[in-house]
Each structure stands twice: as structure tokens, then as C-alpha cells.
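Student: I would like to go through this model with some questions about its contacts, strands and cores.
Tutor: Go ahead.

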Amino acid sequence: MKYALLSVSNKSNIEIIGKFLEIKKYNLVSSGGTAKYLLSNDINVEEVSSFTQSPELLEGRVKTLHPRVHGSILQKNLQNDYQDTLVDLDIVICNLYPFEECLKKDLLHNDMLENIDIGGITLLRAAAKNYKRVIILTHPS
């Protein structure tokens with residue numbers, strides 16, 4: 001079974017790629033707002049917290065930062081000691097929180113801090129490190 005992880009701030013066109021991946025028999029895993037958006041467009045998706053069997057922590061600050069997510073992205077091949085835990089996660093679709101747009105809004109300091117993306121950067125770096133096996137999509141177009 002193949003998996004794709006979708007975790008986007010800018011949801012433009014995400015339903016198009018979600019439907020495409022569903023047709024291609026991918027299991028979709030997604031974080032909070034992206035999962036809700038996909039489900040509202042009749043796209044089957046498993047929430048990250050269900051996939052990891054771990055709830056979001058720290059008021060949503062920790063969602064995708066989990067060994068099952070990153071191990072599934074970082075494994076070089078699918079034949080390894082972790083076959084019972086990890087999956088073939090070979091597509092990561094992620095764009096980051098719009099920090100620059102937040103700067104223009106003159107938000108409070110604490111609100112600005114919440115718009116510094118940690119999980120998204122980590123997903124992209126993990127996928128880039130394993131570029132031979134994992135496809136990365138970052139731009140909505």
C-alpha cells in the first residue's frame with residue numbers, strides 16, 4: 001500500500017491532487033485543517049493522530065513530528081527491521097505557514113510565533129533527504 005502525506009496551509013487545488021491520489025489507490029494521511037478540508041470534498045483521509053496513534057500535542061504545535069511519519073519518509077528501502085511499523089510513504093505534499101503574510105498583518109508577538117512552521121519544514125527536509133524514493137510537492141499550482 002502506498003501512502004501520501006498532505007499537510008498544507010494554502011489549500012488551493014489540494015482537492016484535485018487528493019482526488020487524483022485517491023484514484024491511484026493511495027492512502028491519504030493529513031493533518032488537522034487539511035484533513036477537514038479534504039473530508040469536506042468527499043476525499044477519504046486518515047488524520048495524522050490516527051495514523052500515529054498519538055494525539056496532537058501542545059495545542060496543535062506537534063502533529064506530524066512523530067517516528068512513524070518520519071521513519072516512513074526516511075526509510076531508504078521498504079525491506080527493513082521496521083516493516084511492521086512503517087509504511088510506503090512516498091509522496092509529501094506540504095507548504096508552509098504564511099509567515100510573510102502574517103508580518104504584513106502586524107500580529108501580536110505570540111501570534112507571530114505560532115506562525116513559525118516547524119513540522120512542515122521537517123517534513124520537507126526529510127522528503128528531500130530521501131529524494132530517490134519520495135516525491136515532494138510544495139506549490140499549489
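Student: Which residues does S7 touch, not counting residues up to four places away in sequence?
Tutor: The model is a predicted one. S7 lies in strand β1. Leaving out residues up to four places away in sequence, S7 touches S31, T34, I93, C94, N95 and L123.

Student: Is S7 buried or exposed?
Tutor: Buried means under 20% relative accessible area. S7 is therefore buried, as its relative accessible area is 14%.

Student: With which side chain does the side chain of S7 make a polar contact?
Tutor: S31 is among the residues that S7 touches. The polar contact, at 2.9 Å, joins the side chain of S7 to that of S31.

Student: Which strands stand at the edges of the sheet?
Tutor: The open sheet has 5 strands with parallel pairing, in the order β3-β2-β1-β4-β5. An edge strand has a single partner, so one side of it is left without a neighbour in the sheet; these strands are β3 (46-47) and β5 (135-137).

Student: What is the bridge partner of S30 in β3?
Tutor: Strand β2 covers residues 27-30 and pairs with β3 in the parallel sense over 2 bridges. For S30, the partner in β3 is E47.

Student: Which element gives the most to the largest nonpolar core?
Tutor: That core has 16 residues, and L5, V69, I73, L89, V92 and L123 touch the most other members. Two or more residues come from each of β1, α3, α4, β4 and α7. The element that gives the most, with 4 residues, is α7.

How values were computed: Residues are numbered from 1 along each chain as its sequence is written. This is a predicted model: local features need pLDDT of at least 70, side-chain atom pairs count only at pLDDT 80 or more; totals for chains, interfaces and linings use all residues. Side-chain values use heavy atoms; hydrogens and water are left out. Two strands pair if DSSP finds at least two bridges between them. A nonpolar core is a set of buried Ala, Val, Leu, Ile, Met, Phe, Trp, Tyr and Cys residues joined through side-chain atoms within 4.5 Å. Buried means under 20% relative accessible area, exposed over 50%, partly exposed in between (1.4 Å probe, protein chains only). A polar contact is a pair of N or O atoms within 3.5 Å; within protein, one must be able to donate a hydrogen and the other to accept it, and residues adjacent in sequence count only if both atoms are side-chain atoms. Contact means heavy atoms within 4.5 Å.
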